[in-house]
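Good morning, everyone, and thank you for making time for this short walk through one protein model.

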Amino acid sequence: MILNKDIETIILVANKNELSFTPSNVSIFVHEIGVGKVNALLSLASLYEDIKELGITPLLLNVGTVGCTRYPIGHVLYPAYYAQGDAYTDGFFLENTLFLRGQGLIEAISLDEFRYGDALLTSDRFINVNTAFYQDIKHLNPLAFDMESYALANFCFQKKLTFHSIKIVSDNCDGTVKDWESILSEISGRLGNILDQFMKDLSEEKMIASSVS
């Protein structure tokens with residue numbers, strides 16, 4: 001399937017093995033963006049050119065796995081706060097850092113408004129609680145960590161695109177990320193079922209809104 005004018009929802013997934021999901025209709029397009037912020041941003045920027053050329057305004061939905069110290073493997077999250085999570089959380093780096101909030105339309109907010117406890121922090125590494133890096137940020141007690149969401153949310157904020165995310169915990173940041181592939185086989189189906197229900201709920205909301213208007 002290729003991108004076309006009938007597409008209403010684009011599902012962005014870093015690795016196709018993270019998600020066991022078959023689109024229920026032709027309006028849903030699944031796009032693999034690659035692992036990491038750079039790959040995700042380049043892929044979305046290229047996709048955006050196709051979106052503009054087609055003249056469509058699809059909802060963008062990032063689905064995938066996260067590391068999390070607070071919830072068990074298989075727990076599903078719906079993040080609504082996003083930040084750069086590598087190390088730039090204080091000092092002069094803040095001058096060039098956006099703190100983002102939203103499910104749907106994304107907005108930039110002040111650090112005072114930002115809720116780390118509900119935030120997905122995006123880093124260029126798998127987080128391990130045994131490292132010095134984690135010790136520097138553990139007081140923030142973030143919701144979870146991933147490697148793509150902030151770049152995607154930031155791009156959608158800049159281009160005024162509708163953005164949602166659904167994440168499932170694949171590791172507890174305890175250094176066992178080598179088991180990631182075997183864990184995926186257990187949780188990708190669950191994530192697919194969650195996504196399928198999300199899409200059904202979204203479709204029902206659109207029908208209700210259409211009937212009201």
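This is a predicted model: local features need pLDDT of at least 70, side-chain atom pairs count only at pLDDT 80 or more; totals for chains, interfaces and linings use all residues.

Let me begin with helix α1, where K37, A40, S43, L44, L47, Y48 and I51 are buried, a word that stands for under 20% relative accessible area, while exposed stands for over 50% and partly exposed for what lies in between, using a 1.4 Å probe and protein chains only. These residues cover an arc of only 150 degrees around the axis, which puts them on the same side of α1; the arc is that of the directions from the helix axis to the C-beta atoms. On the other side of α1, you will find V38, L42 and E53 exposed.

Residues are numbered from 1 along each chain as its sequence is written, and side-chain values use heavy atoms, with hydrogens and water left out.

What covers the buried residues of α1? The cover includes the strands β1 (9–13), β2 (28–32), β3 (59–67), β5 (81–84) and β8 (119–122), together with the helix α3 (149–159). Helices (H or I, at least four residues) and strands (E, at least two) are DSSP runs, numbered from the N terminus, and contact means heavy atoms within 4.5 Å. As for its length, α1 has 18 residues (37–54), which at 1.5 Å a residue should span 26 Å, and the end C-alpha atoms are 25 Å apart, which agrees; the expected span is 1.5 Å times one less than the number of residues. After α1 comes G55, whose phi is positive, near 75 degrees.

Turning to the strands, 9 of the 9 residues of β3 are buried, so β3 is largely enclosed by the rest of the structure. Strand β3 runs parallel to β1, with 4 bridges joining them, and also parallel to β10, with 8 bridges; two strands pair if DSSP finds at least two bridges between them. Within these pairings, L12 stands opposite N62 in β3, and L61 stands opposite H164 in β10.

Strand β10 (residues 163–171) also holds S165, which is buried, with a relative accessible area of 1%. Which residue's side chain does S165 join in a polar contact? The partner is Y82, at 2.6 Å, where a polar contact is a pair of N or O atoms within 3.5 Å; within protein, one must be able to donate a hydrogen and the other to accept it, and residues adjacent in sequence count only if both atoms are side-chain atoms. Leaving aside neighbours within four places in sequence, S165 is in contact with L61, N62, L77, Y78, P79, Y82 and Q103.

Helix α3 has 8 of its 11 residues buried, so α3 is largely enclosed by the rest of the structure, and among the buried ones are Y150, F155 and C156.

Finally, the cysteines: the structure holds 0 disulfides, a disulfide being a pair of cysteine sulfur atoms within 2.5 Å. C173 is in no disulfide, and the nearest cysteine sulfur, that of C68, is 6.8 Å away. At 0% relative accessibility, C173 counts as buried.
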